Amino acid sequence: MDQTVNEQNERDHQEEKPNQSPLSFKSLLWHGGSVYDAWFSCASNQVAQVLLTLPYSFSQLGMLSGIIFQVFYGIIGSWTAYLISILYVEYRTRKEKENVSFKNHVIQWFEVLDGLLGPYWKAAGLAFNCTFLLFGSVIQLIACASNIYYINDKLDKRTWTYIFGACCATTVFIPSFHNYRIWSFLGLGMTTYTAWYLTIAAVLHGQVEGVQHSGPTKMVLYFTGATNILYTFGGHAVTVEIMDAMWKPRKFKFIYFIATLYVFTLTIPSATAVYWAFGDQLLTHSNAFSLLPTNGWRTTAIILMLIHQFITFGFACTPLYFVWEKVIGMHETKSMCLRALARLPVVIPIWFLAIIFPFFGPINSAVGALLVSFTVYIIPSLAHMLTFRSASARQNAAEKLPIFLPSWVGMYVVNSFIVVWVLVIGFGFGGWASMANFIKQVDTFGLFAKCYQCPPQGSTTAHH
């Protein structure tokens, strides 16, 4: 029975594909739903501006802790992405037995929670997810202004934020994740270039005179750094939407893990090399570009990162657009221009927040502790435990248990460990540390800061 339902639905999914010659230009660039598309989306969406703040985290954590935390959160992140994919398939299978069709509809995480666990979970999932994506988009805007300032400092960072806010508003015209095919492919190329540029430039530059690697020194800084790494590998608030854009969503399970392994080859060498070269200077330079010498390579890296941030902004915003469309009842509308107009109110608050809190770096950690911890780690683990708490649910599960962990007890142990660890270390300590750091930034630079961490005009040394 299950099999036929699934085959039928995969056939429906096939029918959604545009019937054109297989290699037409448009389908190459625009309609993506293969396993590779999903891998590119995951890998390119996971690291964007975070590459530039990881050396800053390493200076807070020290080299050893930095590497250990990356590997640890990378694995946990892949595990919860796996849980999300199981829950998605479960929800979809249950709904399809009731003959619900998802033809023009993008399934989102909060709908999965609603279908499996009821309205309260839906509310929690929606609140955390939307706030996280909102701030995710804010961070992309701040990062744009922070980066372009290193090419052109005629305008201050706040003015740049105005300009980029207007540019990013154009993402309202991109209908759904199917249409990010060429972008995620390019995006991955850009982050790869930037990561290796950082690594090689730092190694060639060599260590600064009298370099010190004193981290970790303070509890506050230690947990702020750890939380930024938690944020790095918590990029899968958009997991469900990426899965939904696949022709065969069941294949998603291990894609995220493979994407994470690739991401390790970018984040670990670059953060290690930059920290090795500059040491404690990074504590007051949250953007790695600010310490490297200006040349063509650096300018190229900055421009590529800008384009990539634009793409990531679209990634973070698209689910928000979907939620907003569903709220005002425009989600099934065919006309793209109407939908684009309806989506504009989502961009305005993002713009506004980016101008109020331009603290690139500290804001990542704050978002990590207060939002990512729940959205990405705690809620999926709890939801999985609750969905399969009855024996019948476990027997009828749409997805079998993984090969490497074939017992339900094992699953529950791992999930409970994640919930407790992230609550205590991520949300508890991390929340305290990153809020303390964030408030310190507000006290130092003020809200609506005109130019955050800019060197005073005429001199090159930034003093704190």
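Threonine 161 lies in helix H8 (residues 157-168); helices here are DSSP runs of H or I with at least four residues, numbered from the N terminus. This is a predicted model, where local features need pLDDT of at least 70, side-chain atom pairs count only at pLDDT 80 or more, and totals for chains, interfaces and linings use all residues. Residues are numbered from 1 along each chain as its sequence is written, and side-chain values use heavy atoms, with hydrogens and water left out.

**Threonine 161**
- Threonine 161 is buried, at a relative accessible area of 5%. Buried means under 20% relative accessible area, exposed means over 50%, and partly exposed lies in between (1.4 Å probe, protein chains only).
- Setting aside neighbours within four places in sequence, threonine 161 is in contact with Ala145, Trp351, Ala354 and Ile355. Contact means heavy atoms within 4.5 Å.

**Salt bridges**
- The whole structure holds nine salt bridges. Each is a side-chain nitrogen of Lys or Arg within 4 Å of a carboxyl oxygen of Asp or Glu.
- Glutamate 96 bridges to arginine 92, with the closest N and O atoms 3.0 Å apart. The two are four residues apart in helix H5 (residues 63-97), so about one helical turn separates them.
- Glutamate 96 is buried at 6% relative accessibility. Arginine 92 is buried too, at 10%.
- Glutamate 111 pairs with lysine 326, the closest N and O atoms being 2.9 Å apart. Glutamate 111 is in helix H6 (residues 109-117) and lysine 326 in helix H13 (residues 296-328), so this bridge ties together parts 215 residues apart in sequence.
- Glutamate 111 is buried at 13% relative accessibility, whereas lysine 326 is partly exposed at 21%.
- Arginine 339 forms a salt bridge with glutamate 325, with 3.2 Å between the closest N and O atoms. Arginine 339 sits in helix H14 (residues 336-356) and glutamate 325 in helix H13, 14 residues apart. Both are buried.
- Shared partners join Arg92, Glu96 and Asp244 into one salt-bridge network.

**Aromatic pairs**
- The count comes to 28 aromatic pairs. Rings of Phe, Tyr and Trp (its six-membered ring) pair if their centres lie within 6.5 Å; planes under 30 degrees apart are stacked, over 60 edge-to-face, and the rest tilted.
- Tyrosine 149 and tyrosine 150 have ring centres 6.2 Å apart and planes at 75 degrees, so the pair is edge-to-face. Both tyrosines are buried.
- Ring pairs also link a cluster of Phe69, Phe72, Tyr73, Tyr222, Phe223, Tyr377, Phe417, Trp421 and Phe429.
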